[in-house]
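Work through the exercises below with the sequence and the model side by side. Each task is followed by a worked solution.

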Amino acid sequence: DDVFPVCRVRRQVEALEDSGGKGGKAWNATCVGPQFLYSLGAKLLQVVSPQYPPRIENTLCFRRSWFVDGAFSFANRSVAEGGGLWDKMQSLGQEARAILSCEVPFFYGRHSFSVCGDGVAEL
């Protein structure tokens, strides 16, 4: 389904540590924002706007203090349980810094056996 380079977590942590310097925004969470999604079933390659990358929950990296102090929790469901974190962020008007796949190479392929299905054409 998804393939990451070995440096993904290190790169996301670096982005958290580097944030807030020189008057920049201090981020509490990062995620990988794919720029391309490929559907095997539809044989469709979708180019995603860098301004609106989809939420890929299994790439969420966050500060422990932010998670604990904000009373964040995972959703009580067997699929997309990380969605609870995204829902809470949204309700608080927060967002995760999307690290685009040009910065951290990332491949996300959807197929009919994916837990989320093959819905690239719907994004």
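**Exercise 1.** In which strand does Phe36 lie, and is Phe36 buried, partly exposed or exposed?

*Solution.*
Step 1. This is a predicted model. Phe36 belongs to strand β3, which covers residues 36-39.
Step 2. The relative accessibility of Phe36 is 45%. Buried means under 20% and exposed means over 50%, with partly exposed in between. Phe36 therefore counts as partly exposed.
Step 3. Phe36 also takes part in a nonpolar surface patch, together with Leu45 and Val47. The accessible area of these residues together is about 310 Å².

**Exercise 2.** Give the strand order of the open sheet formed by 3 strands, and state which strands stand at its edges.

*Solution.*
Step 1. The order is β5-β2-β6, and the pairing is mixed.
Step 2. At the edges stand β5 (61-62) and β6 (97-100). Each has a single partner strand, so one side of each has no neighbour in the sheet.
Step 3. Strand β2 (residues 29-33) and β6 run parallel and are joined by 4 bridges. Within this pairing, Cys31 has Ala98 of β6 as its bridge partner.
Step 4. Helix α1 (residues 8-18) packs on the sheet and touches β2, β5 and β6. The direction of α1 makes about 135 degrees with that of β2.

**Exercise 3.** Which residues of helix α3 are buried, and against which elements do they pack?

*Solution.*
Step 1. Helix α3 spans residues 83-91. Under the 20% limit for relative accessible area, its buried residues are Gly83, Gly84, Leu85, Trp86 and Met89.
Step 2. These buried residues pack against strands β2 and β5 and against helix α2 (64-69).
Step 3. After α3 comes Gly93, which has a positive phi, near 70 degrees.

**Exercise 4.** Describe the chain as a whole: how many helices and strands are there, and what part of the residues is buried?

*Solution.*
Step 1. The chain has 3 helices and 7 strands. Along the sequence they follow the pattern β-α-β-β-β-β-α-α-β-β.
Step 2. Of the 123 residues, 36% are buried.
Step 3. The accessible surface comes to about 7600 Å², and carbon and sulfur atoms hold 54% of that area.
Step 4. Take the contacts in the chain with a separation of 6 or more: 63% of them join residues 24 or more positions apart.

Terms used. Residues numbered from 1 in each chain as written. Predicted model: local features only at pLDDT ≥ 70, side-chain atom pairs only at ≥ 80, totals over all residues. Heavy atoms only, no water. Pairing = 2+ DSSP bridges. Helix = DSSP H or I, 4+ residues; strand = E, 2+ residues; numbered from the N terminus. Contact = heavy atoms within 4.5 Å. Axes fitted to C-alpha atoms, helices over the stretch in contact; angles between N-to-C directions. Patch = residues over 30% accessible without salt bridge, like charges linked within 9 Å, V, L, I, M, F, W, Y side chains within 5 Å. Areas by Shrake-Rupley, 256 points an atom, 1.4 Å probe, with all protein chains shown as cover. Salt bridge = Lys/Arg side-chain N within 4 Å of Asp/Glu carboxyl O. Buried < 20%, exposed > 50% of the residue type's maximum accessible area, 1.4 Å probe, protein only.
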